[in-house]
Amino acid sequence: MPARTAVETDADAGTGMSAEAVGPLIRGVGLLRRLTEAGGTLSPSALERATGLARSTVDRITATLARMGYVRLDGRDVVLTPGVMRLGNAYLAALRLPALLDARADVLADELDESVSLAVADLDGIRFIHQATRRRAMSVSFRIGDLLPAERTAPGPLFATEWAEQDWDRWHARRATDPQAASFPAVPPHPAPADDFPDRVERARRDGWAVDDQLIEPGLVAVSVPVRDPETGRVACVASVVSHTSRHSADSMRTDLLPRLRTAVAAMEADLSAALPPEPGPPPSGLATWTTASKHELGRDFVESLARGLTVLTAFGPGRSALTLTEVARATGLSRATARRALLTHAHLGLVTTRPDHTFTLTPRVLDLGFPPLSRTTLPRLADPHLRALADRLHEPTALAVLTADGTEIQYTAGASASRVLTVHITVGTRLPAAATSLGRVLLADTGTDAPSAEVRAQGYALVDEELESGLRSVAVPVRDRTGRTIAALNVATHAARRTLDDCVRDLLPELRTTATRLEADLHTASRFTLVPPS
């Protein structure tokens, strides 16, 4: 008898699933999880095999997710896009811990020159909500959203000090059926360690800290301290310093790094105590209207119940961490009945939980939906599909560049060529004088005091005519981060025989600005809770 697929298990696991659960939503969430486990890219036929769904169903789900901006079709592959991170961002924003504590974690990482992470409990596992990593040849590669088994981590024993009997029952059941933790794709399968986890939990209860001495994999060591909620005294999250044995032993982690970690955690707890209640941000608007319009436009290729169900997750956010059914319906524009069915389905899938006051909250499992593969992205990776699409539309080469540290040159970080005999070929990594290029003039404009910089700032673009090379014309626009600071520039290059200067402004500039706007939208979504390096 063939093994049952993960989506089939998701769809009918347990006997407590409500008859009102939304089947298309269950299948869509399952497909997103399979894509996430595969690193963000699978072909439709691979998705068909991974989910056990019919090809027609896979196609309808991917068409719906593409319409929502959660995936794109790249040749024969379905690829996760930064838009799907809006789901994880909703959870992290509602949680508040990253916004309140990540600066302390980053400072500690810089001080120790070691990786620092923040993690929360997720049933019998731990899930990362912040990573401050070092850029070394050998460094920790865990990502925000990765789930690890509690018994193979330093944070796990600290969370387990608060487990109730049913939590221990769940852990024992999972250990019996999955002794190598193969159900945790972020860690390598490993022979079951000695069952000393309960003893480690008792030591963590006694000491107030815990250590991981190569439990995840050989060479990896970590020390962890709990960050406690000032109101309840319970563990809100766990802060960890992570290194490898060529730099620290488990003993030196305790003697050299633990005191400074404890100092940082005390500051984190003071920050939590001093934090004011968040001002509720604006909820998403017009979602129900948008899904209805999309259904009318795409017909049966748009699965409206899937789209509406996923939009329910985005109703949560800053100041909206716990919502009633009425509040969810109001925030999304959905009827109470539709919102209720979606919430019941999400509760079955472990994405939502109900509190005693009958409000709903998101769980860390929302980070399963696309977040880990995208949490380590870079600006060139974000730009690549946009540059290729722009080059295809204009039949001209496009490029992304950043300013070098001394401000005198630009460095090309991404590009897309055009299928012409006469075209511009500049490889990634090439450096050129900033003042002689449209890209450089855009990048210099924010701080420049000369007349060209003032002109670029006023018009929002730079146009260079045959200054770098005879016959070469190019127009460039800025790419801005969430604060409005220019961090990169996009350009289109052409030959003077093909387009006049007026053509460049009339035909190329609007397309270039549209591309920059789309790239900035991806960047702003991806960088809300993760660091997106510009190169």
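**Close-up views of helix and strand packing**

**View 1. Contact of helices α4 and α12.** Ile61, Thr64 and Leu65 of α4 are in contact with Leu306, Ala307 and Leu310 of α12. By class, the residues of this contact comprise five nonpolar, one polar and no charged. The model shown here and in the following views is a predicted one. Helix α4 spans residues 55-67 and helix α12 spans residues 304-313; their axes approach within 9 Å and cross at roughly 45°. An angle from 65 to 115 degrees would count as roughly perpendicular and one under 35 degrees as roughly parallel; α4 and α12 are therefore oblique to each other. The handedness of the α4 and α12 crossing is right-handed.

**View 2. Contact of helices α2 and α3.** Helix α2 covers residues 23-37 and helix α3 covers residues 44-51; the two axes come within 10 Å, with a crossing angle of roughly 110°. The pair α2 and α3 is therefore roughly perpendicular. Their crossing is right-handed. On the α2 side the contact is formed by Leu31, Arg34 and Leu35, and on the α3 side by Leu47, Ala50 and Thr51. The residues of this contact of α2 with α3 fall into four nonpolar, one polar and one charged.

**View 3. The open sheet of β1, β3 and β2.** Three strands, ordered β1-β3-β2, make up an open sheet with antiparallel pairing. Strands β1 and β3 run antiparallel and are joined by two bridges. Within this pair, threonine 41 has valine 79 of β3 as its bridge partner, and leucine 42 is placed opposite valine 78 of β3. Helix α2 lies across β1, β2 and β3, and its direction is at about 90° to β3.

View 4. Strand β2 (residues 71-74) pairs with strand β3 (residues 77-80) in the antiparallel sense over four bridges. Leucine 73 is set opposite valine 78 of β3. Aspartate 74 has aspartate 77 of β3 as its bridge partner. Two residues lie between the strands of this hairpin, and glycine 75 adopts a positive phi near 65°.

View 5. Six strands form an open sheet in the order β6-β5-β4-β9-β8-β7, with antiparallel pairing. Strands β6 (147-149) and β7 (210-213) stand at the edges; each has a single partner strand, so one side of each is without a neighbour in the sheet. With direction ignored, neighbouring strands of this sheet are turned by 30° against each other on average. Helix α6 (residues 97-112) packs on the sheet and touches β4 (115-122), β5 (125-132), β8 and β9 (235-244). The direction of α6 makes about 65° with that of β5.

**View 6. The pairing of β7 with β8.** Strand β7 is joined to strand β8 (residues 220-228) by four bridges, and the two run antiparallel. Valine 211 stands opposite valine 223 of β8. Strand β7 has an edge position in its sheet.

**View 7. The aromatic pair of tryptophan 168 and phenylalanine 197.** Rings count as paired if their centres lie within 6.5 Å. By this rule there are seven aromatic pairs. In the pair of tryptophan 168 and phenylalanine 197, the ring centres are 5.8 Å apart and the planes stand at 50°, so the pair is tilted. Tryptophan 168 belongs to helix α8 (residues 165-177) and phenylalanine 197 to helix α9 (residues 197-207).

Methods: Residues numbered from 1 in each chain as written. Predicted model: local features only at pLDDT ≥ 70, side-chain atom pairs only at ≥ 80, totals over all residues. Heavy atoms only, no water. Axes fitted to C-alpha atoms, helices over the stretch in contact; angles between N-to-C directions. Parallel < 35°, antiparallel > 145°, perpendicular 65-115°, else oblique. Left-handed = near helix turned anticlockwise from the far one by under 90°. Contact = heavy atoms within 4.5 Å. Nonpolar A, V, L, I, M, F, W, Y, C, P; charged D, E, K, R; others polar. Pairing = 2+ DSSP bridges. Phe/Tyr/Trp six-rings, centres within 6.5 Å; stacked < 30°, edge-to-face > 60°.
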